[in-house]
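Open the model in your viewer and keep the selection panel to hand. The tour goes from the whole chain to single side chains.

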Amino acid sequence: MNKEDFFIKQIQNSKYNGDDGAFIDGYVYSMDAFFEDIHFKKEWIKEGNISLKQIAYKSMLVNISDAIAMNAKPKYALITIAIPKTYTQNELKELADGFKKAARDYDFEIIGGDTIENHKLDISITIISKTENPIYRKDVKIGDFICYTGKLGDSKKGLESLLKGQKIKKNSKFIKPKLRADFFYEASKYINSSMDISDGLFLDLEKLSIASNIGFEFFKDIKEEIGTSGEEYEILFSASLKNLKKIENIAKKHKVKLNYFAKAVKGSYKSGFSNHHFKN
């Protein structure tokens, strides 16, 4: 067990644990951290590879992704932000613009939070979302087809380029993830179980396996650069054979690529790879 899992077990013994968010009385509560030297480097800002507005926007998107994966629509957000004292008013405005853009794009309200001074830029966001039909990780059924949306691998390539001091495109998925909200909300009634791909497909499959107590029979090879690409925020889901055509039609409507690669079987699955986040 890694230290993250160990620590969570020490402080949390709740029936709400184990999903992208906690569903309570019609609402999903999700929270994510977005910290300097863990999720981004100050040098990237100085080199012009990523702006403060893009950092703020992405910090929102990674949390909104959790809500989408549980079939919930964001309604409110709380922001805690630790800001270096060297930041100018223009830089603060740029950060605020990123948060506000996410709120406009996904139609929710920023209702408060906290600000402190720090030597690094650290952001923590809580999203409160509403749903009448939450989708969990624990409901994969034996025989379900396992699928992910979009294309995996680009986020890892972007990160590796940045760590080498190279430029990346402004539309890189590492900078701006592509969330599949419209597709997923429409397809949700045909989907049994889901989560977003944040730690990489292989690691997230392990989480899905543990939650649903199932294994996987792979009928497509998944290359390491695909399965270990973190911060993709594509959707990993399961569905029964009878619903695949309906889901495919909805995906075509929203121009979303689907990748079926395995079936759920009795057993378990364990990833052979460690977490994707880079070390200081």
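**Before you start**

This is a predicted model, in which local features need pLDDT of at least 70 and side-chain atom pairs count only at pLDDT 80 or more, while totals for chains, interfaces and linings use all residues. Residues are numbered from 1 along each chain as its sequence is written, and side-chain values use heavy atoms, with hydrogens and water left out.

**Stop 1: the whole chain**

Show the cartoon. The protein chain has nine helices and 10 strands. Both are DSSP runs numbered from the N terminus: helices are H or I with at least four residues, strands are E with at least two. The radius of gyration is 19 Å, close to the 19 Å that the globule rule gives for 280 residues, so the chain is as compact as a globular protein of that length. That radius is taken over C-alpha atoms, and the rule is 2.2 Å times the number of residues to the power 0.38. Along the principal axes, the C-alpha atoms fill a box of roughly 55 × 45 × 40 Å.

Colour by accessibility next. Of the 280 residues, 52% count as buried. Buried means under 20% relative accessible area, exposed over 50%, and partly exposed in between, with a 1.4 Å probe and protein chains only.

**Stop 2**

Two strands pair if DSSP finds at least two bridges between them.

Look for Ile24 opposite Tyr27.

**Stop 2: two annotated aspartates**

Which residues does UniProt mark as "binding site"? The unreviewed entry places that feature at Asp32 and Asp114. UniProt positions are in the numbering used here, feature names are shortened, and annotations may be inferred rather than shown by experiment.

Asp32 sits in strand 2. Its relative accessible area is 24%, partly exposed. Among the residues that Asp32 touches beyond four places in sequence are Val62, Asn63 and Asp66. Contact means heavy atoms within 4.5 Å.

Asp114 is in strand 4. At 40% relative accessibility, Asp114 is partly exposed. Leaving aside neighbours within four places in sequence, Asp114 contacts Ile79, Thr80 and Ile81.

**Stop 3: strand 6**

Select residues 145–149. Five of the five residues in strand 6 are buried. Phe145, Cys147 and Thr149 point one way, Ile146 and Tyr148 the other. In a regular strand the side chains alternate between the two faces of the sheet.

Strand 6 pairs antiparallel with strand 9 (residues 235–239) over four bridges. There, Ile146 has Ser238 as its bridge partner. Strand 6 also pairs antiparallel with strand 10 (residues 258–265), over five bridges. Thr149 is bridged to Leu258.

**Stop 4: a buried glutamate**

Finish at Glu231, in the loop between helix 8 (224–227) and strand 9. Glu231 is buried, at 4% relative accessible area. Show Lys58 too: a polar contact of 2.7 Å joins the two side chains. A polar contact is a pair of N or O atoms within 3.5 Å; within protein, one must be able to donate a hydrogen and the other to accept it, and residues adjacent in sequence count only if both atoms are side-chain atoms.
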